[in-house]
Amino acid sequence: MSSVTVKIPTPLRTLTYGQAEVKVEGATVGEILRKLDAQFRGFGDRILDDGKNVKRFVNVFVNEDNIRDKQDLDTEVQTGDTISILPSIAGGK
Amino acid sequence: MITIPTSLLRQIYDHTEASYPYECCGLMIGTMGQDKTVHAFRRCKNLNTVRANHRYDMDPLYMLRVEREFESSPWDIIGIYHSHPDHPSRPSQTDTDRGWPDYSYVIISVQQGTVAGAQSWVLDEGQRKFDEEPLITGDSK
């Protein structure tokens, strides 16, 4: 079980009562995100599809590694890691 | 309401004009409360090189690095700016589909290579539409 810091982006802070970062324990990114969903109602709906995958327009990094380039939600974490949740920003005329 | 110091807005305009006829994007960093104030901005890479004249995709790794750059400051990423070459500064359907709540989206219309105007928008997530917010320019206090 590892203790990590999860960085919450501005658009999701209404769900975390304004907290910009949260300390969570877990072994994988998926476990940590599911714990956040249990702690903060509606959190999982914003970032997970059926609790199984990260939504297409959300990016999750462990330190500087995008979990899509690793093992997605099965990506393991170590104590002291930082998980950053970032909206995918796109648009155009 | 969002306040952008005149000098910063001019630099953002410079980015949009230099990128013409392609779209460009960047992050606005500052304070967020009932009103927002921009204290810094960072240009970001448009990953959409195939349709760059009418689409932008911000590099997520660069966004992460900007977040890290300011994590020990009292400031946050509070919004995004992007340009609409030869198009009004109103959100498109693509902007609306891909928008996030709480961020300010400043859209800059660039006509024939010169900035023609800018407006700021905030997504009403429930209605899934953008509402305009006042964009105030002036020297920061």
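Colleague: What should I know about the numbering and cut-offs first?
Modeller: Residues count from 1 along each chain as its sequence is written, chains are lettered from A in the order written, and side-chain values use heavy atoms, without hydrogens or water. As a predicted model, local features need pLDDT of at least 70 and side-chain atom pairs 80 or more, while totals for chains, interfaces and linings use all residues.

Colleague: OK, what volume does the largest pocket have?
Modeller: About 260 Å³. A pocket here is an open set of points on a 1 Å grid, where a 1.4 Å probe fits, with protein on both sides within 12 Å along at least five of seven lines; lining residues have an atom within 4 Å of a point.

Colleague: Which residues lie nearest its centre?
Modeller: Arg13(A), Glu67(B), Glu71(B), Trp75(B) and Asp76(B), out of 20 lining residues. H2(B) gives the most, with three residues.

Colleague: And how does that lining divide up?
Modeller: Twelve nonpolar, two polar and six charged.

Colleague: What about the second largest pocket?
Modeller: That one holds about 230 Å³. Its 13 lining residues divide into four nonpolar, one polar and eight charged.

Colleague: Switching topic: which residues of H1(B) are buried?
Modeller: Leu8(B), Leu9(B), Ile12(B), Tyr13(B), His15(B), Thr16(B) and Ser19(B), with buried meaning under 20% relative accessible area (1.4 Å probe, protein chains only). They cover an arc of only 155° around the axis, so they sit on the same side of H1(B).

Note on methods:
Buried < 20%, exposed > 50% of the residue type's maximum accessible area, 1.4 Å probe, protein only. Helix = DSSP H or I, 4+ residues; strand = E, 2+ residues; numbered from the N terminus. Arc of directions from axis to C-beta. Points joined across faces, edges and corners; volume = space filled by probe spheres on them. Nonpolar A, V, L, I, M, F, W, Y, C, P; charged D, E, K, R; others polar.
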